[in-house]
Amino acid sequence: PSAPKAPSAPTGHSYPVAPIGMARVKVTAPCAVDRAASNNVIQAIHDSDQEAIDGMVERKQVYILTEGTRFEVSDSDANGTAWGFVRSGRYVGETCYILAAVVGAKTELGAKAETGVYPTSKTSPTAEDLRKQFGIPK
């Protein structure tokens, strides 16, 4: 199946896009089952709302993919989200949306993979910020 298309980023913005193909999840991160859940995950992370993430996991709207999970990127959008197939681990075979920076994103300008994750942030968190926010040990 192909991913539903999301609206493109506002003019003048450049968010990460993930290269199409096999990748590994760089840090343990949420992966949303549909576009609506993906938008909610982005907002929850932006707001540091761990309770929202936990609730989406309980309602099976979000999978938590562990660091090192193989993820096959099939599509990536200008809003910093990649859609694809989980190819290893607990959720093997599932499809979901993950933050592009978590699976080896590259910006159009060739900036670091971890920059520009959230369209609503003024300073873009890095993969390390994600790690700290979710309490993931190194």
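Predicted model: local features only at pLDDT ≥ 70, side-chain atom pairs only at ≥ 80, totals over all residues.
Two strands count as paired when DSSP finds at least two bridges between them. Strand β4 (residues 70–76) and strand β5 run antiparallel, and five bridges join them. If you look along this pairing, you will find Val73 standing opposite Gly84 in β5.

Now step back to the whole sheet. Six strands make up an open sheet, and their order is β1-β4-β5-β6-β2-β3, with antiparallel pairing. At the edges stand β1 (21–24) and β3; each has a single partner strand, so one side of each is left without a neighbour in the sheet. From one strand to the next, the twist averages 45°. As a general point, strands of a sheet pair through backbone hydrogen bonds, in either a parallel or an antiparallel way.

A helix comes next. Helix α1 (residues 35–46) lies across β2 (29–32), β3, β5 and β6. Relative to β2, helix α1 runs at about 150°.

What do the helices and strands contribute to the interior? The largest nonpolar core has 29 residues, and Leu65, Phe71, Ile98 and Val103 are those with the most contacts inside it. At least two residues of this core come from each of β2, α1, α2 (50–58), β3, β4, β5 and β6. Helix α1 gives the largest share of this core, five residues. In one of them, Tyr63 and Tyr91 are stacked, with 4.5 Å from centre to centre and 25° between the planes. This pair links distant parts of the chain, as Tyr63 sits in strand β3 (residues 62–65) and Tyr91 in the loop between β5 (81–86) and β6 (95–99), 28 residues apart. Are the two tyrosines buried or exposed? Tyr63 has a relative accessible area of 13%, so Tyr63 is buried, whereas Tyr91, at 22%, is partly exposed. Trp83 and Phe85 also pair: their ring centres are 5.4 Å apart and their planes meet at 65°, so this pair is edge-to-face. Both Trp83 and Phe85 are buried.

Technical notes. Residues numbered from 1 in each chain as written. Heavy atoms only, no water. Phe/Tyr/Trp six-rings, centres within 6.5 Å; stacked < 30°, edge-to-face > 60°. Helix = DSSP H or I, 4+ residues; strand = E, 2+ residues; numbered from the N terminus. Buried < 20%, exposed > 50% of the residue type's maximum accessible area, 1.4 Å probe, protein only. Axes fitted to C-alpha atoms, helices over the stretch in contact; angles between N-to-C directions. Contact = heavy atoms within 4.5 Å. Core = buried A, V, L, I, M, F, W, Y, C linked by side-chain atoms within 4.5 Å.
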